[in-house]
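Have a look at the picture, then try each task before you read its solution.

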Amino acid sequence: MGGGSIDTVLFDMDGTLTHTDEVHFIIWQELLQRDANRTIDKAFYDAEISGGHNSDIIRRFVDSSWDDARVGEYDDMKEELFRIKARECGLIKPIPGLPALLEGIKQAGLKVGCVTNACRKNAEFMLECLSLTDYFDTLVIGAECTRPKPHPDPYQHAMRVLQSHPSKVCIFEDSLSGVQSAVASQASLVVGIRTTQTETVLRAHGAAW
């Protein structure tokens, strides 16, 4: 990468740095069964929930009438369950080859950011578990932007923070909402990671690789 026009690499987190979707799926499966009398399978999760923002998921599948405070309480509860389950399962491990890739990117002098729809507590928790915190120049949280993914705002914010032009940015993403966000940000290159979706689906949503 260092020899081309790319000077910035942005990574999603869940499914891109570490594969935690199985934990999120188990929790959403339990919560939606309990609180919405809805049974979901992995295919439904991958298509309708994976990569989405919790407030949107809660209003869509749990209760659309809740105000921001009630949604926030439910969101906090869900993410606390995630951290507990992740610790119990010991599933917070880097995607194979990731540490070497990050080391190469940093050695090449490129700017690096993490852009995620995870809440800040989860994002910082996962980076610490992965021992990857020092590789990232910025951590952007979707909920702290005007609009989360699938809107381009989180990636555009990362570009502003890093003073990077979209034409010099490469983004790694795995979810459909994340790929949509990355493509809409006008990044030069969007790389689809096949941890949660097939190559065909990722390409259909705009991923170049």
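## Exercise 1: Aromatic pairs

The structure holds 5 aromatic pairs. Rings of Phe, Tyr and Trp (its six-membered ring) pair if their centres lie within 6.5 Å; planes under 30 degrees apart count as stacked, over 60 as edge-to-face and the rest as tilted. This is a predicted model, where local features need pLDDT of at least 70, side-chain atom pairs count only at pLDDT 80 or more, and totals for chains, interfaces and linings use all residues. Residues are numbered from 1 along each chain as its sequence is written, and side-chain values use heavy atoms, with hydrogens and water left out.

**Task.** Classify the pair of phenylalanine 44 and phenylalanine 61, and find where its two rings sit.

**Solution.** 
1. Phenylalanine 44 belongs to helix H2 (residues 42–48) and phenylalanine 61 to helix H3 (residues 54–61), so the pair links distant parts of the chain, 17 residues apart. Helices here are DSSP runs (H or I, at least four residues), numbered from the N terminus.
2. Phenylalanine 61 is buried, at 8% relative accessible area, whereas phenylalanine 44 is partly exposed at 23%. Buried means under 20% relative accessible area, exposed over 50%, and partly exposed in between (1.4 Å probe, protein chains only).

## Exercise 2: Around tryptophan 66

**Task.** Describe the ring pair of tryptophan 66 and tyrosine 74, then find the charge that sits over tryptophan 66.

**Solution.** 
1. With centres 5.4 Å apart and planes at 50°, the pair of tryptophan 66 and tyrosine 74 is tilted.
2. Tryptophan 66 counts as buried at 19% relative accessibility, and tyrosine 74 does too, at 3%.
3. The charged end of arginine 70 sits over the ring of tryptophan 66, 4.1 Å from its centre. (The rule: NZ of Lys or CZ of Arg within 6 Å of the ring centre and within 35 degrees of the ring normal.)

## Exercise 3: A ring cluster

**Task.** Which residues do ring pairs link into a cluster?

**Solution.** The cluster consists of Phe11, Phe136 and Phe172.
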